[in-house]
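Here is a short briefing on one protein chain. Look over the sequence and the fold, then read the notes by topic.

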Amino acid sequence: MKNSIAERVRDFLKMYPPFNLLKSEKLLEIAEEVVITYLEKGDILFKEGDSFNEHFYIVRNGSISLNHTNKNTQEIVSMSDAGDVFGVRPLIAQENYKLTATAHEESIIYAIPIKGFQLAAENNSKVYKYLITAFATNAYDPYTTKENNEIFVDYLPNNSHDIVNFQSANYTKNPITCSEKTSLRDAAIKMSALKIGCIIVIDKEKKPVGIITNSDIKNKIATGKFPIETAVTNIMSSPVITNKKDLTVADGQLQMIKYNIGHLCITKDGTVNSKLIGVLTHHDVLATLGNSPTVILKEIKRATRTKKLRAARLKANTLLKSYLEQNIPLTHILKVISQINDAVAFRAIEIALPKMPTPPPVKFSWLALGSQGRKEQLLFTDQDNALVFEDVPEEKYKETQAYFIELAKYVTKSLNKIGFEYCEADMMASNPEWCKSITEWKNQFENWILKPDEKAILLSSIFFDYSRIYGDKELVNELSTTIYETLENTSLFFKFLGRDAIKSPSPLGIFKQFLVEQNGEQKDLFNIKSRGLMPLIDAARLLILSKHIKGINNTSERFEKLAELEPNNKELFESCSYAFKALSKFKTKQGLLNNNSGKFIELATLTKEEKLKLKRCFKPIHEIQETLKFRFDLKNFL
C-alpha cells in the first residue's frame, strides 16, 4: 500500500517512456513536483499561440486531442491516450504552442515540471531521444507538416540496425558571417536581405566568437537595451557551441537540448579554436529526421535480387518496432511502412519483367488488395493481389492472360521469399480468376454488385480496397468509374455489405468481459482482428461506398472523411478512426512481441492498463454497428 500520492504518481510514470528510463529515486523527485489536473470533456489545457509554460504533460486517464486551426475549423493532428506524452515544445524548442490541447473525454493529466525533469534526466541520451521524437511527431508548422505528409522518421535504438543515429547531420556549408567590428544595423540588414535567422560573428582568423539570432535582436534591440548602431559583440551570444563536421544527427540534437540552443557551429576540428565551416540548425535536424526512410527505399530501388529486397524489408521491421516503442502515432507509421511495402512490390515486378520472353503484349496494372490496398499492412501477412490488362481480340485473350499469369507467378514467388506468405484462398494475380482484362473485371464487379450473395460479398469486400502498385493508371481509373456507376443502381448490395459488417457483435459480453474463442487451437484467446478491427474496416468501407467517395481506402482516413461529410456524426466517426488506429497499433505490438500476426491475444499476458485501453476502443464498434442497422434498415434483413 503506497503511503503518498507522489509514490503512486511515480509508479504510474515508470510504466511509460521516457520515465521508465530513469532511476526510481530520480523519478520520485519528479513525481513530488507533478501537478495533477482534472479535465472535463471539452476543457482546454493550452491553446494554439499560447506562451509556453514550465511543464509538459502525460495522460493519466482519458484522452487529449491535439488540434490545429485551419480556416476557422479545428483539425485533429493526433490523440494522446493513457501514458502518452504531449506538450513537449517548451522542453525542446521554447516556442509558443502551435496546437490546442483539448480533453476528448473526462481526463486526468500529470503536468511534469521541466526544470525538475531536466535535472533528473541530465546526461541520459535515451530519454532525450524519445522526447525529440515526440516533439518532431506532434510539431505543426509549414515545414514539419510537409514532411509528415510524405514520410516521418524518428530516432532508432542504438543497435546494429540503427539508421538515423549514425547518419551524418546535413548542415549548412556556407554560413553567413560578419566581423567583430560590424554594427548590429549592418548585420540585421544582411540577415533580412538573405532571409536567414542567424549570423555568425567571426574573428580575423575566421574562428566563431559569437552568434546573433532573431531572438537576440528582439530581446536586446527592440526592447531598447542597446541602440541599433551598437557593435555585434555587445549583443551576440558567446561563446558559441561547436562540433566537428562528421557529427551525427543524434549528437547534434542532444547538444542543442543540453545547451538550450537552436544553432550549432561546425568548425574544422570541432572546437572554437579552428575555422568555421558550417552551421547546423534545429530545422536541419528535423529535415534529416524527415528524409531518412529514403535509406531503405534506395536499397529497395537498387536491389537486383529477391534476397536484397528481403534484407531491405526486414530493416523496415526494425523501424516499425522502434516506432512502436517510442509511441509514434500510427498515422505516421502506416505512411512509412506502406510506402516501403509498395516499393518492394514495385521492385519485385521490375525484377520479374526481364525474366519474361518478351515485353508485356499490352498495358497492365498490378493491384494490391486487402490490408496492403488499404495502406494498413504493417507486419508480414498473406499476399492479396490482382492484375488487370488491356482488352485484346477474343482470339488473343487466352494467350495474353497466360503471359500475365506467368509474370504474376514470378512476382508472387518473389514476394513469398521476401516474407509475404501465399494467400491460402489463392486470391493472387497468378490465379486466372484474379488476372483478367479490363472488360472482364468490369463484368465481374457488375455481377458482384447487382447480384449479391455471400460469396460475392466476401470477394468484392476484398477487391473494393484495391490500390495500384505498378502499371497503367487509366485502367484502374476506368475500373473504378464502372464500379461507382454500378453502385448507383443498387441498394440491395449495401444491405449485404451492412449485414456482413455487423456479423461480429461488440467484443465484450455481459459484465463487459472479453469474448474469447470457444474451441480449436485458439481456445480462450481473443481475436483482435475479427472482433475489433474487421467491424471497423467493414463499416468504413460500406459508409464510404454509400457516399460514392473514390480514392480513400485507408480505414482511419475513411472515417475522417465521413466526419467531414457528416458534422452531426463527427464525434462518432473520429472515435472510430482513433479506435482503429489504437487497435492496429496494439495488434502490431503483439505480433512483434510473439513473432506472429498478432491476431490472437492471450489476455492473461496483458496489464490492467492495456485491458482498459482495449475496452475503451470497443465502445465505438457498438455505436457504429447500431448506426449501420438504422441507416441501411438491417433489422429486417438479418
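Where is the place of S51? S51 sits in the loop that runs between β2 (44-46) and β3 (55-61). This is a predicted model, in which local features need pLDDT of at least 70, side-chain atom pairs count only at pLDDT 80 or more, and totals for chains, interfaces and linings use all residues. Residues are numbered from 1 along each chain as its sequence is written, and side-chain values use heavy atoms, with hydrogens and water left out.

**Overall make-up**

- The protein has 24 helices and 20 strands. Both are DSSP runs numbered from the N terminus: helices are H or I with at least four residues, strands are E with at least two.
- The chain holds 638 residues, and 54% of them count as buried. Buried means under 20% relative accessible area, exposed means over 50%, and partly exposed is in between (1.4 Å probe, protein chains only).
- Among contacts with a separation of 6 or more, 71% join residues 24 or more positions apart. Contact means heavy atoms within 4.5 Å.

- S51 is exposed, at a relative accessible area of 56%.
- S51 touches N96 and Y97, with residues up to four places away in sequence not counted.
- S51 and N96 are 45 residues apart along the chain, yet 4.6 Å separates their C-alpha atoms.

- N317 belongs to helix α13 (residues 306-325). N317 is buried, with a relative accessible area of 18%.
- Neighbours within four places in sequence aside, N317 is in contact with L378 and F380.
- Helix α14 (residues 330-352) has 23 residues and should span 33 Å at 1.5 Å a residue. The expected span is 1.5 Å times one less than the number of residues. The end C-alpha atoms of α14 are 32 Å apart, which agrees.
- Helix α14 is mostly covered, with 17 of its 23 residues buried.

**T412 in helix α16**

- T412 lies in helix α16 (residues 394-418). T412 counts as buried, at 3% relative accessibility.
- Leaving out residues up to four places away in sequence, T412 touches W366, Q383, N385, Y422, M428 and S430.
- T412 and N385 are 27 residues apart along the chain, and their C-alpha atoms are separated by 8.8 Å.

**Packing of α18 on α20**

- Two packed helices are described by the angle between their axes and the distance between the axes.
- Helix α18 (residues 454-463) packs with helix α20 (residues 492-501) at an angle of about 80°, and the axes are 10 Å apart. Axes are lines fitted to C-alpha atoms, for helices over the stretch in contact, and angles run from 0 to 180 degrees between N-to-C directions.
- The pair α18 and α20 is therefore roughly perpendicular. Angles under 35 degrees count as roughly parallel, over 145 as roughly antiparallel, 65 to 115 as roughly perpendicular, and the rest as oblique.
- From α18, E454, I457, S460 and S461 meet F493, F496, L497, R499 and D500 in α20.

**Cysteines**

- How many disulfides are there? The count is zero, where a disulfide is a pair of cysteine sulfur atoms within 2.5 Å.
- The closest cysteine sulfur to that of C265 is in C198, 7.7 Å away, too far for a bond.
- C265 is buried, with a relative accessible area of 2%. C423 is buried as well, at 11%.
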